[in-house]
Amino acid sequence: MTQQIDGSQARRSGLNDYDKAVETYEPVLGLETHIELDTRTKMFCGCSTTFGAEPNTQTCPVCLALPGALPVANKAAIEATIKIGLALNCHIAEWTRFARKNYFYPDMPKNFQTSQYEEPLCENGYVDVVVDGKEYRVEIERVHLEEDTGKTLHVGGATGRIHGATESLVDYNRAGIPLVEIVTKPVPGTGALAPEVAKAYTAELRDIVRSLGVSDVRMEQGSLRCDVNLSLNLPGEEWGTRTETKNVNSLRSVERAVRYEVRRQSALLDAGERIFQETRHFQETTGETRAGRSKEEATDYRYFPEPDLAVMEPSREWVEELRATLPELPRKRRERLQAEWSLGDKEMQSVVNADAVDLIQATVDAGTTPSGAVKWWLGELSRRANESGEELAALAITPKQVAELQGMVDDGRLNDKLARQVIDGVLAGEGDPADVAAKRGLEVVSDTGALEVAVEEAIAANPAVADKIRGGTHAAAGVLIGAVMKATKGQADAGTVRKIILDKLS
Ligand SMILES: [Zn+2]
């Protein structure tokens, strides 16, 4: 059989066409998310957790694991984890304890991580997300509490990786910072939308945790880190072997990582090869995943109960007290905002998909109308973000600047076309919209004297059109308006020009 050109290219690079892959195979997703809590002190000692401090200045005998040092659990971290569990509709354990997860790594001073194993703090919850108008329930298997590791820095190589490095440095400031791990159950049934469901779940989880005020959940700073599990199977057959892609640090990357694994794994399966259960690493620049180590089984870690920490028995009263402190959660908030902003379901869904809820709210808070804010974030700015492959929030324009821009449009100082040129300037770092408009000379010509001259010239150049308007065919004014706009390089207000034309010709 003759392969099409794109098919054979895909074969050479080991990737299938995505649409073809999901016609043949059913993806099963799984997501493991680590969230750094922003408690004032570490999980098992009193060391500060401030980000960006000088290396190894926030350490003590406990988090450096000096002999005889004993841990004490951080109550604020336990409370935060229970709140996350409640917000994710989980059951909160009545009896739970910590466990040692044994592995050797230079950034792990104890040679084990204090984590939880068979008795997680929270279990059996769910998060509902809507993709393409359809609701998907992502079930949560467990939410547990553990500590973060230190950070290793490889010096002397070109890439910052261990290969080619001349030395490696360890910073233990991060060792012992409380970390919450949230593990989903396998998510079948998403079909071709697996990448979008993975992204929507991660965004919803991030928004839920942010609303609780227990972490700043910044993916780019690593306070929310995502591992994406994926397997493929033929319809009606058992689930396939999964891979786990690590270090996925943006919503867009979650989507890309799933898509890439579907294409890669399906090509291997088509060729009759098997999928290895392994850890893979996401490459931000290329969108590929690359093989890392083969995946350890839980038994490899030789978990055992942590003897130095007391078991936890959260009383039902305490759990209910914490439940009573839960704020308005994202889903409720979106319903409220949709009503306040007078948006239809589809439009609101677009806002959510573009991850623009907070941006639009901040723009409205800065003094513009909801429709004005929605127009820019979902229109021109989404287009720019797509073009540059950035997240919308990463664009170099603030909600306040968007509000100022729309304010200038409302005041008649800019029309939408000029406003788009102002956006060019703001994104290029030329300042706030008013500065850019002034520097680039982009404001609407409001000097009616200048507009009258331009209209006279347009009438003189188009006598037949002028006669039509005189005869009552006002629709013909469009031709003259176009001519004036051209003459003023788009800097006239079309409504004003139209009025002047009709005044002159009737
Ligand atoms: Zn410490």
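Helix axes here are lines fitted to C-alpha atoms over the stretch in contact, and angles run from 0 to 180 degrees between N-to-C directions. Helices (H or I, at least four residues) and strands (E, at least two) are DSSP runs, numbered from the N terminus.

I noted that this is a predicted model: local features need pLDDT of at least 70, side-chain atom pairs count only at pLDDT 80 or more, and totals for chains, interfaces and linings use all residues. Residues are numbered from 1 along each chain as its sequence is written.

**Domains.** I looked up the domain assignment (bounds from an automatic or database source) and found domain 1 (5-318), domain 2 (330-440) and domain 3 (448-505). The C-alpha centres of domain 1 and domain 3 are 63 Å apart.

**Sheet.** I traced an open sheet of three strands, ordered β4-β3-β14, with antiparallel pairing (at least two DSSP bridges between two strands). β4 (112-115) and β14 (304-305) are at the edges with a single partner strand each, so one side of each has no neighbour in the sheet. β3 (residues 99-102) pairs with β4 over four bridges, and I found K101 opposite Q113 in β4.

**Helix pair.** I checked α17 (residues 477-487) against α18 (residues 494-505): their axes come within 10 Å and cross at roughly 125 degrees. The two are therefore oblique to each other (under 35 degrees is roughly parallel, over 145 roughly antiparallel, 65 to 115 roughly perpendicular, the rest oblique). For contacts (C-beta atoms, placed from the backbone, within 7 Å), I listed A477, L480, I481, V484 and M485 in α17 meeting A494, V497, R498, I501 and L502 in α18.

Notes. Contact = placed C-beta atoms within 7 Å.
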